[in-house]
Amino acid sequence: ELRKRDNDILQRILLPDLTDTGKLNLPTTAKDRKNISLTNRRVLDNYEHLFSSVSALSKDARLILLDFMLERVYLLVCVPETAVIARNIVLAQGKGMDNEPIDDFKGLVCFRYTRSEDDMYTTFDDWDDLATHPEDTTTSKSVGRDMVASACLLRATATMRSKIIKNDQVYALERWLRHDLVKNNYEGKQFFRRHVRPACLALKRFRCGDYDSFTWGSKASGGLREKLVMRLRFLRRLTGGVGCTKELEFVILELLLRAGGAKGYKSLSLWRLDEYLHSIELAALWMITESPSAAQRYKRCFDMLDAIDADLLIDDIPDEAKTALLDGLSERDFGSTAGGRRIASALLERINEYILTENKLDMMPDECLVQIEPVLPPKAGGKYWKEHWKNKEEKEELSQRLGNLVLLSRKVGAREIKKGFADKKKRYEEEVWPLTRSLAKLDAWEKDELLEQQQVNEGLIKKAWAL
C-alpha cells in the first residue's frame with residue numbers, strides 16, 4: 001500500500017504488535033472496525049479467516065502445511081514508491097487474476113486521467129466503496145462490482161450511440177471517458193462523480209424496484225406516480241428476464257438520470273418522462289412480437305435517444321403496426337417456453353395493475369407476483385378436463401395462450417395445477433390479482449370461457465397502451 005493509514009493492520013500483524021497477554025493488538029469490537037479504512041478491514045477479515053482455519057489444525061498438520069508453503073507457494077510483495085508505479089501495476093494486472101474490463105476502466109478513471117495523487121486515491125476509495133457488495137456493508141451507497149460494470153457499459157452505449165461487443169469493452173469505455181473529458185475539460189475524479197456513481201445508483205434502484213429512492217418519487221402526484229411505477233415495473237420484468245428487450249435498459253437509465261436532475265442535461269418533467277416510458281413500453285412489445293434483429297433493436301433505441309436529446313416526442317407506431325402487434329400477442333404460445341412465461345407474467349401484471357389504478361386501488365407489492373398458472377393444464381388427464389376438453393388439438397392450441405394464464409400470489413405445486421376447475425375456483429376467490437379473482441365467478445372453464453378471457457386481456461392491452 002502507498003498510504004500509511006491503509007498499512008496499519010498489516011503492520012501490526014507482520015511486526016507484530018502484541019498486547020500484554022501476548023495476543024495481536026487488533027480491533028475486536030464493531031465500533032473499532034468501523035473506524036478503520038476499507039483496506040484495513042479487508043486485511044483484518046482475511047487474517048481472521050486464515051487464523052481460524054490454521055488454529056483448528058493439529059501441530060503436525062501445521063508443520064505439513066508450512067512445508068507445503070515453503071516448497072510450493074511463492075509470495076511477491078511490491079510496495080510502489082510513486083503514483084506512476086502504482087498506476088502501472090493497476091493497469092497491468094495479468095490474466096488469471098479475476099481482472100475484468102471494469103477493473104481496467106477503474107484504473108483509467110482513477111489514475112491515468114487524474115493528475116493529483118490525493119484525487120487519485122480519493123477516487124479509488126470512492127470507487128471501492130461503490131463497488132462493495134451491498135451485503136458486505138451497511139451503507140446504501142454500495143451497489144456491487146457487477147452493477148458498476150453494467151451501468152458503465154449502458155452509459156457508454158447510450159453516449160457513443162454504438163453497440164459494445166465483449167472484446168471491445170475496455171476501448172469502448174475509454175472512448176466514452178475521453179469524449180466526456182474533452183467535452184467538459186475536467187478529470188477522472190469529476191467524471192466518476194458526475195457519471196459513474198449516479199448511473200450505478202439509478203440502475204440499482206431500477207433493477208431492485210426501489211422507486212421511492214428516486215428524487216422524482218416524492219415529487220410525483222398519486223396518479224402520475226402510479227403510472228410511472230407501473231411502466232417501470234413492466235420494463236424491469238422484461239429487461240431483467242427477456243433477452244430481446246435487454247437493449248432498452250440503456251434508454252431507461254438515461255431517462256431516469258435526466259428525471260433525477262443529472263448534471264449536464266436539461267431537466268425532464270415527469271409528464272414527459274411518462275410519455276417517453278410509454279413509448280419504450282411500445283418498443284418492448286414490438287421486440288416481443290416481431291423478434292427484430294439486434295441491429296434493428298439498437299437502431300430503434302438510438303432513434304429514441306435522439307428524440308429525447310432533441311426534447312421531441314417519440315414517433316407513435318402506425319395503425320397497421322398496432323394491429324400486427326395485437327395479433328402477435330393474441331396468437332403467441334406464451335406458456336410453451338420459460339421466456340414466454342416471463343413475458344406473459346409481465347403482461348398480466350401490467351394489465352392487472354391497470355385495472356387497480358383505474359379503480360383507484362393500491363398497486364400490489366412486488367412480492368405478490370409469485371407464479372403464473374395455466375387454468376387448463378396443457379398435460380392434464382384428469383376427469384374434469386377430459387370431459388370438458390375432448391378435442392385434443394384445441395386443447396394443445398389454446399392451453400398456452402395468454403387467456404389461459406393467470407397470476408398467483410402464492411406458490412402451488414404441480415398436483416394443484418392439474419386439478420379440475422371447481423377446485424381451482426376456491427383458490428382464485430382468495431387471490432389479490434383482479435383478473436385471477438374474476439375467474440371464480442365462472443361455472444366452467446371451456447373453450448368459450450377461455451376465448452372470452454383472451455378478448456378481455458386483449459381489450460385491456462389496448463386500453464393500457466392506447467393501441
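Asp180 is found in helix α9, which covers residues 169–184; helices here are DSSP runs of H or I with at least four residues, strands are runs of E with at least two, and both are numbered from the N terminus. The model is a predicted one, in which local features need pLDDT of at least 70 and side-chain atom pairs count only at pLDDT 80 or more, while totals for chains, interfaces and linings use all residues. Residues are numbered from 1 along each chain as its sequence is written, and side-chain values use heavy atoms, with hydrogens and water left out.

What does Asp180 have around it, given that it is buried yet has no salt bridge? The nearest side chain of opposite charge is that of Arg194, 5.8 Å away. A salt bridge calls for a side-chain nitrogen of Lys or Arg within 4 Å of a carboxyl oxygen of Asp or Glu. For charge, Lys and Arg count as positive and Asp and Glu as negative, with His and the chain ends not counted. "Buried" stands for under 20% relative accessible area, "exposed" for over 50%, and "partly exposed" for values in between (1.4 Å probe, protein chains only).

Asp180 does have a polar partner: its side chain and that of Tyr186 are joined by a polar contact of 2.3 Å. Such a contact is a pair of N or O atoms within 3.5 Å; within protein, one must be able to donate a hydrogen and the other to accept it, and residues adjacent in sequence count only if both atoms are side-chain atoms. Leaving out residues up to four places away in sequence, Asp180 touches Asn185, Tyr186, Phe191 and His195, where contact means heavy atoms within 4.5 Å.

## Salt bridges across the chain

The structure holds 36 salt bridges. One of them is formed by the side chains of Glu187 and Arg115, at 3.6 Å from N to O. This pair links distant parts of the chain, 72 residues apart: Glu187 lies in the loop between α9 and α10 (188–208), and Arg115 in the loop between α6 (101–112) and α7 (117–131). Glu187 is buried at 19% relative accessible area, whereas Arg115 is exposed at 74%.

Asp309 and Arg258 meet in a salt bridge of 2.7 Å, N to O. Asp309 is partly exposed at 44% relative accessible area, while Arg258 is buried at 9%.

Arg350 and Glu281 also form a salt bridge, at 2.8 Å from N to O. Arg350 belongs to helix α16 (residues 338–358) and Glu281 to helix α13 (residues 270–290), 69 residues apart. Both Arg350 and Glu281 are buried. Elsewhere, salt bridges with shared partners tie Arg155, Arg161, Glu254, Arg258, Asp306 and Asp309 into one network.

## Val229 in helix α11

Val229 sits in helix α11, residues 222–241, and is buried at 4% relative accessibility. Beyond residues up to four places away in sequence, Val229 touches Tyr211 and Met363.

## The strand pair

Strand β1 (residues 371–374) is covered on both faces: Gln371 and Glu373 on one side, and Ile372 and Pro374 on the other, are all buried. β1 pairs with strand β2 (residues 405–408) in the antiparallel sense, over 4 bridges; pairing requires DSSP to find at least two bridges between the strands. Within this pairing, Ile372 stands opposite Leu407 in β2.

## Cysteines

How many disulfides does a search of the whole structure find? The search finds 0, a disulfide being a pair of cysteine sulfur atoms within 2.5 Å. The sulfur of Cys208 is too far for a bond, because the closest cysteine sulfur, in Cys200, is 12 Å away. Cys244 is in no disulfide either, and its nearest cysteine sulfur, that of Cys301, is 11 Å away. Cys208 is partly exposed at 47% relative accessible area, and Cys244 is partly exposed at 23%.

## The chain as a whole

The chain has 22 helices and 2 strands. Its C-alpha atoms fill a box of roughly 80 × 60 × 40 Å along the principal axes. Of the 467 residues, 45% are buried. Among contacts with a separation of 6 or more, 66% come from residues 24 or more positions apart.
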